[in-house]
Amino acid sequence: MKTNAPRPAHRWPVRITHWVNLFAMVCMFMSGWEIYNASPLFDFRFPPQITLGGWLGGAIGWHLAVMWLLALNGLCYLLWSLFSGHFRHDLLPLRISTLRQDLWQALTLRLQHRHGHYNSIQKLMYLGVLLLGLLLVLSGLAIWKPVQLSWLVALFGGFDTARYVHFFAMAAIGLFVVIHLLMVILVPRTLWAMLTGGQREE
């Protein structure tokens, strides 16, 4: 008699791309902060202890090298999500009515978490961070190759504007990471599930 094995909360492609993303994003943040320090947009600089590269040239080298890793990892996740049905089954649909309900439950500390199921807030955050990632890539390309990709620079409204877009998109992803870490602290069993796969709660 054939029995169906319990479905993991997080399948192995999700787990692998998640941890590769973690490494790549840390490197991108730290090298990006070193690049920012060379020509700051605002009246502050990041402490050198949390930057990567040691100087502008070294930071650019790190940033570009890890960019390819991040892009390849993102492409693998995107293709797998599309062909496996992960997007369709886990991240969609996202309904306004359900989002309002989940937001209210979260604000009143009554929002439940089930392994392998994304509530509307999680769906919004994960879809949003994917769009922010796309915005980071496009604005980063505009900054990296402003002459060759002059049309893209023009689309952002100029080189300086592209730098601001890149910075604020980075800051928004940083906020996502902070919220993500807070959720892991509040529901620590989610960390073990991302390491081992866990078991989907039906």
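This is a predicted model: local features need pLDDT of at least 70, side-chain atom pairs count only at pLDDT 80 or more; totals for chains, interfaces and linings use all residues.

Student: OK, in what order do the elements run from the N terminus on?

Tutor: They go α-α-α-α-α-α-α-α. That is eight helices and zero strands.

Student: What does the C-alpha trace span?

Tutor: About 65 × 40 × 35 Å along its principal axes. The accessible surface of the chain is about 13,000 Å², and carbon and sulfur atoms account for 71% of that; areas come from the Shrake-Rupley method with a 1.4 Å probe, and for residues only the protein chains shown count as cover.

Student: And how much of the chain is buried?

Tutor: Of the 202 residues, 31% are buried. Buried means under 20% relative accessible area, exposed over 50%, and partly exposed in between (1.4 Å probe, protein chains only).

Student: Which residues make up the largest nonpolar core?

Tutor: There are 12: F29, W33, Y36, L41, F46, V129, L136, F167, A169, M170, I173 and F176. A nonpolar core here is a set of buried Ala, Val, Leu, Ile, Met, Phe, Trp, Tyr and Cys residues joined through side-chain atoms within 4.5 Å. Helix 1, helix 5 (120–144) and helix 7 (159–186) are the elements that give two or more residues to this core, and helix 7 gives the most, with five.

Student: What does F29 touch?

Tutor: Not counting residues up to four places away in sequence, F29 touches M170, I173 and G174. Contact means heavy atoms within 4.5 Å.

Student: Switching to N37: buried or exposed?

Tutor: N37 is buried, because its relative accessible area is 13%. N37 sits in helix 1 (residues 12–38). Leaving aside neighbours within four places in sequence, N37 is in contact with R45, F46 and T51.

Student: Now the end of the chain. Which residues of helix 8 are buried?

Tutor: T190, A193 and M194, in a helix that covers residues 189–196. Down the axis of helix 8, the buried residues fall within an arc of 100 degrees, so they line one face of the helix. The arc is that of the directions from the helix axis to the C-beta atoms.

Student: What do they pack against?

Tutor: The buried residues of helix 8 pack against helix 1 and helix 7. Just after helix 8, G197 takes a positive phi of about 105 degrees.

Student: Where is G54 found?

Tutor: In the loop between helix 1 and helix 2 (56–84). G54 counts as exposed because its relative accessibility is 67%.

Student: And C76?

Tutor: C76 is in helix 2, and at 42% relative accessibility C76 counts as partly exposed. C-alpha to C-alpha, C76 and A193 are 21 Å apart in space, and they are 117 residues apart in sequence.

Technical notes:
Residues are numbered from 1 along each chain as its sequence is written. Side-chain values use heavy atoms; hydrogens and water are left out. Helices (H or I, at least four residues) and strands (E, at least two) are DSSP runs, numbered from the N terminus.
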